[in-house]
Amino acid sequence: MATFLYKLGRLAFRRRHFVALIWVALLTLAGVGAASAPPAGTTSFSIPGVEAQKAFDLLEQRFPGASADGGTGRIVFKAPEGEKMTDAANKATVEKTVKALGDGSEVVSVTDPFTTNAVSKDGTVAYTSVKYDAPGMELKDSTRDALEKAGDEARATGLTVDVGGDALQAGAEPGAIGEVIGLAIAAVVLVITLGSLVAAGLPLLTAIIGVGIGVSTITALAKALDLGDTTSTLALMIGLAVGIDYALFIVSRYRSELAEGRDREEAVGRATGTAGSAVVFAGLTVVIALAGLAVVNVPMLTKMGLAAAGTVVVAVLIALTMIPALLGYAGKRVRATGEKRGSNGEKSGRKNGRKTGGQTGGTTGVEAGEMTGATTGGKGRPGKQAKPGLGVRWASFVIRRPAAVLLLGVVGLGAIAVPATQLELGLPDDGSQPTSTTQRRAYDLLSEGFGPGFNGPLMIVVDAKDSDDPKAAATTVTDGIKDLEDVATVTPAMFNKAGDTATITVIPGSKPSSTQTEDLVHAIRGQGTDVRADTGAQVLVTGTTAMNIDFSQKLNDALIPYLGLVVGLAFLLLIVVFRSILVPLKAALGFLLSVLAALGAVVAVFQWGWLGGLIGVEETGPIMSMMPIFMVGVVFGLAMDYEVFLVTRMREAYVHGESPGQAIVTGFRHSAKVVAAAAIIMMAVFGGFISSTESMIKMIGFGLAIAVFFDAFIVRMAIVPAVLALLGKKAWWLPKWLDRALPNVDVEGEGLKTPADAASSRDGDEDRELVHA
């Protein structure tokens with residue numbers, strides 16, 4: 001593979017005009033397609049196989065036109081002190097609001113609180129419900145605006161008015177300011193790492209082009225493939241992060257190759273052949289993790305995963321072709337590692353180092369020049385030997401005390417992971433919103449006037465088609481539910497025209513996200529087994545609350561199979577890359593440790609409230625049910641990125657003759673700074689989501705940012721070198737029969753070595769022996 005990518009990089013460098021034209025044409029084509037594509041329209045959110053979805057599907061058949069899974073909106077009114085909602089002026093305001101809401105294009109029905117008994121017992125609180133023909137997440141902006149406008153007009157009359165319901169829960173965007181800050185941090189890190197504005201601009205430019213192509217393609221195909229607005233969210237986030245990282249790795253390796261004294265075309269070819277090989281395999285692990293979301297069998301997650309995976313593929317292709325082309329345009333404006341503008345002494349050091357050092361398992365010419373004697377100053381005067389970098393000093397420290405570092409890292413992450421044992425899953429509702437939002441205030445008003453369970457009613461569907469007496473069956477169900485704990489209200493059964501299906505509304509005594517409400521759902525379903533045996537009627541529980549419970553359970557059940565698939569496939573892939581059994585095993589175990597620690601941190605902050613004030617967590621509650629599987633998919637792919645880029649450089653040094661310990665130091669010398677920069681960039685991109693006022697997005701941003709921190713700086717930078725130091729040569733052990741069976745992908749670039757490189761390597765070995773002597 002290294003040889004193929006080497007030729008590809010050189011070809012892109014020479015034919016830079018053609019390569020650039022192709023990518024610009026693709027971006028233009030995708031942009032035109034997105035601009036001319038018809039609106040995506042309403043997409044279907046379904047969870048195949050769960051009871052709540054079966055009930056929704058049954059209601060669509062038996063109650064045609066009722067839009068059982070449609071979104072809902074609520075406007076809650078509270079009378080001023082000393083007044084009641086039944087007073088003439090207040091009643092007139094409510095009736096005017098109900099009339100205005102009924103004119104909406106997506107509105108199915110609007111309830112009048114004075115005819116539906118939706119006024120509290122003390123008369124101070126009332127609410128009107130709006131039913132829509134599309135799910136809440138997919139309503140038009142104009143529909144939401146009409147709902148909010150109606151609330152504003154009613155509020156102007158002196159009433160306390162707030163708006164809630166899932167109609168307002170859609171499409172919350174991350175804070176724009178936070179995202180700008182995140183990209184600004186990424187730009188600063190790139191400048192520091194790569195040493196110039198031009199070099200730093202290349203990863204940002206190519207990442208933006210890649211994301212532009214990916215997101216525009218998703219937009220263009222949204223109507224044909226039934227893609228919702230949320231599908232591009234993950235593609236944007238992951239595509240931007242990996243796009244910057246992949247380009248950073250290749251540009252950094254290019255600068256190292258220049259420091260070896262190679263001409264620019266040769267440096268581009270070798271950078272693409274070596275770092276590019278790591279990019280390919282790192283990208284494959286991310287694609288496997290994202291595409292594997294299809295295992296969950298939730299169409300929305302499957303589409304999000306495949307769309308993001310496609311964007312990652314684009315990022316890899318751009319890194320392998322457009323970066324070499326842009327490096328050709330940049331010319332001397334992208335300088336060698338360590339070279340400063342006008343630094344003749346550095347050039348001389350590289351020239352002398354090239355003569356004596358060459359490529360010795362990753363040892364650059366500059367380093368070889370430093371080893372063979374004192375480095376020279378700008379005028380050739382002898383100077384003191386260059387001080388080792390932070391990465392080299394840290395790797396040397398870990399090699400001297402591997403057991404202590406390993407123990408400290410594992411115990412530390414293990415302690416942070418402890419809260420994950422108390423993980424409670426659920427989906428956020430209006431009760432988890434900040435108290436400053438109208439959704440949260442509406443939620444609290446309903447709880448005040450009608451009880452907390454009023455915010456999450458359960459819908460019981462009685463399928464009595466096979467029952468001899470449907471009405472008796474519905475009565476049996478109603479009476480049984482009344483005897484259960486935590487039931488506040490049970491409405492009489494309402495039958496369809498055919499008289500074979502009934503719906504019963506149950507108001508729990510506890511809030512929707514509570515464990516008591518979940519227990520009530522399970523209890524009703526438990527009674528349904530007896531009802532079916534006695535009457536022949538089937539009992540199904542649905543509604544938003546029941547759907548959230550089923551969704552959480554489905555994701556929970558899919559986590560282990562998903563983890564097994566993703567980790568298993570990536571394990572096999574890494575065996576091919578590293579030609580080792582223990583290195584991929586260590587990589588997988590380290591990933592699990594970092595994910596558990598990240599989940600522990602999320603539980604401590606968002607469920608327990610520890611340090612929540614620092615990032616604006618106003619309300620604690622269950623962790624979003626998608627969080628564990630989402631973190632596994634995203635973080636696994638990114639963790640394997642760091643593993644591949646760091647450890648391939650170690651293996652490259654080991655294959656070229658260095659001892660296991662020295663190979664670790666060499667890997668850190670060349671890769672630690674770049675991996676750290678990539679992690680900081682990733683954290684900055686994800687951290688931008690923490691500024692969102694939406695608790696779900698804030699949780700995603702925090703969880704991914706802290707997971708990247710744990711994995712990059714504790715697992716990859718501390719635990720990995722400690723384990724490799726303890727294992728020594730055993731780390732690279734591979735059974736001979738498996739070695740013969742595996743394809744040789746040559747990630748280390750062994751096939752790129754020339755006779756001159758081999759001679760230079762021998763000279764470098766002699767130089768190192770002299771230094772150590």
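Student: In which helix does Leu205 lie?
Tutor: The model is a predicted one, in which local features need pLDDT of at least 70 and side-chain atom pairs count only at pLDDT 80 or more, while totals for chains, interfaces and linings use all residues. Residues are numbered from 1 along each chain as its sequence is written, and side-chain values use heavy atoms, with hydrogens and water left out. Helices are DSSP runs of H or I with at least four residues, strands are runs of E with at least two, and the numbering starts at the N terminus. Residues 197-225 form the helix that holds Leu205, namely helix 7.

Student: Is Leu205 buried, partly exposed or exposed?
Tutor: The classes rest on relative accessible area, with buried under 20%, exposed over 50% and partly exposed in between (1.4 Å probe, protein chains only). Leu205 has a relative accessibility of 41%, and therefore counts as partly exposed.

Student: Which residues does Ala679 contact, leaving aside its neighbours within four places in sequence?
Tutor: Ala679 belongs to helix 21, residues 660-687, and is buried, with a relative accessible area of 0%. Its C-alpha atom is separated by 9.1 Å from that of Leu638, which is 41 residues away along the chain. Taking contact as heavy atoms within 4.5 Å, and with those sequence neighbours left out, the partners of Ala679 are Tyr642, Val708, Ala712 and Phe713.

Student: At what angle do helix 20 and helix 22 pack?
Tutor: Axes are lines fitted to C-alpha atoms, for helices over the stretch in contact, and angles run from 0 to 180 degrees between N-to-C directions. Helix 20 covers residues 627-655 and helix 22 covers residues 695-727; their axes are 9 Å apart, and the packing angle is about 35°.

Student: How many nonpolar residues does the contact of helix 20 with helix 22 have?
Tutor: Ala, Val, Leu, Ile, Met, Phe, Trp, Tyr, Cys and Pro count as nonpolar, Asp, Glu, Lys and Arg as charged, and the others, Gly among them, as polar. Sorted in this way, the contact of helix 20 with helix 22 has one polar residue, three charged residues and a nonpolar group of 20.

Student: Where does helix 22 bend?
Tutor: The bend at a residue is the angle between axes fitted to the seven residues ending there and the seven starting there. Helix 20 has a kink of about 25° centred on Val635. For helix 22, a bend of about 40° is found at Val715.

Student: What phi does Leu611 take?
Tutor: Positive phi values occur just after helix 20, where Gly657 takes about 110°, and just after helix 22, where Gly728 takes about 65°. Arg579, a residue other than glycine in the loop between helix 18 (544-578) and helix 19 (582-607), has a positive phi near 50° and counts as buried at 11% relative accessibility. Leu611 is found in the loop between helix 19 and strand 11 (623-624), and is exposed, with a relative accessible area of 65%. Although Leu611 is a residue other than glycine, its phi is positive, near 55°.
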